[in-house]
Amino acid sequence: STVLNSQLPNTTKQAFITLAGNEIKKQIAATPKDVRAYALGGSFYNSFGQYTQAIPFLEKALSLKPANNTVLDTLAQIYAQLGDLEKSKFYRDQIKK
């Protein structure tokens, strides 16, 4: 991500992540059945390597739209990054080809 790789101080980067995360949460509160808002939240935190924060958003997106290959793939990647290859395979096996 541009922010993560920038020369900005870490406090500025964290402030950006917090602000953007709060805005995503507001959008979810306004449209709680919109799978896109949850997927955005998960993708956002994933892009900053904040995997444990990304997972609940992505799992909620998946509960709203179980056949979402993009969300399934992202969850598989996250669990692989976390070293949970069993969960990674579980999500990868659900991807429709």
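The legends below describe close-up views of a predicted model.

**View 1. Helix H4 and its buried residues.**
Helix H4 covers residues 51-64 and has 14 residues. From its first C-alpha to its last, H4 reaches 20 Å, close to the 20 Å expected at 1.5 Å a residue. The buried residues of H4 are Tyr51, Ala54, Ile55, Phe57, Leu58, Ala61 and Leu62. Their packing partners are helix H2 (10-30), helix H3 (35-47), H5 and H6.

**View 2. The largest nonpolar core.**
The largest nonpolar core has 26 residues. Within this core, Phe44, Val71, Leu75 and Tyr91 touch the most other members. At least two residues of the core come from each of H2, H3, H4 and H5. H4 gives the most, with seven residues. Phe44, one of the residues with the most core neighbours, touches Phe16, Ile17, Ala20, Gly21 and Ile24 when residues up to four places away in sequence are not counted.

**View 3. Aromatic rings around Phe44.**
The structure has seven aromatic pairs. In one of them, Phe44 and Tyr45 stand edge-to-face, with 5.3 Å from centre to centre and 75° between the planes. Both Phe44 and Tyr45 are buried. Ring pairs also link Phe16, Phe44, Tyr45, Phe48 and Phe57 into a cluster. Phe57 of this cluster is among the buried residues of H4.

**View 4. Ser47 in helix H3.**
Ser47 is located in helix H3. A polar atom of the Ser47 side chain lies 2.6 Å from the backbone oxygen of Phe44. Ser47 has a relative accessible area of 35% and is therefore partly exposed.

**View 5. Helix H5, from its cap to the glycine that follows.**
Helix H5 has 13 residues and covers residues 69-81. The distance from its first C-alpha to its last is 18 Å, close to the 18 Å expected at 1.5 Å a residue. At the N-terminal end, Asn68 caps H5, with a side-chain oxygen 3.1 Å from the backbone nitrogen of Thr70. After H5 comes Gly83, which has a positive phi, near 85°. Val71, Leu72, Thr74, Leu75, Ala76, Ile78 and Tyr79 are the buried residues of H5, and they pack against H3, H4 and H6. Two of these buried residues, Val71 and Leu75, are also named among the core residues that touch the most other members.

Ser88 lies in helix H6, which covers residues 85-94. With a relative accessible area of 8%, Ser88 falls under the 20% limit and so counts as buried. The side chain of Ser88 reaches the backbone oxygen of Ala76 at 2.7 Å. Leaving aside residues up to four places away in sequence, Ser88 touches Ala76, Tyr79 and Ala80. Of these, Ala76 and Tyr79 are among the buried residues of H5.

**View 6. The salt bridge between Asp73 and Arg92.**
Asp73 and Arg92 form a salt bridge in which the closest N and O atoms are 2.7 Å apart. Asp73 lies in helix H5 and Arg92 in helix H6, so the pair ties together parts that are 19 residues apart in sequence. Asp73 is partly exposed, at 24% relative accessible area. Arg92 is likewise partly exposed, at 36%.

**View 7. The salt bridge between Lys89 and Asp93.**
A salt bridge joins Lys89 and Asp93, with the closest N and O atoms 2.6 Å apart. Both residues belong to helix H6, where they are four residues apart, about one turn of the helix. Asp93 has a relative accessibility of 53% and therefore counts as exposed.

**View 8. The salt bridge between Asp34 and Arg36.**
The structure holds four salt bridges, and one of them joins the side chains of Asp34 and Arg36, at 3.0 Å from N to O. Asp34 is buried, with a relative accessible area of 18%, whereas Arg36 is exposed, at 62% relative accessibility.

How values were computed
Residues numbered from 1 in each chain as written. Predicted model: local features only at pLDDT ≥ 70, side-chain atom pairs only at ≥ 80, totals over all residues. Heavy atoms only, no water. Buried < 20%, exposed > 50% of the residue type's maximum accessible area, 1.4 Å probe, protein only. Polar contact = N/O pair within 3.5 Å; in protein donor to acceptor, adjacent residues only side chain to side chain. Contact = heavy atoms within 4.5 Å. Expected span 1.5 Å × (residues − 1). Core = buried A, V, L, I, M, F, W, Y, C linked by side-chain atoms within 4.5 Å. Phe/Tyr/Trp six-rings, centres within 6.5 Å; stacked < 30°, edge-to-face > 60°.
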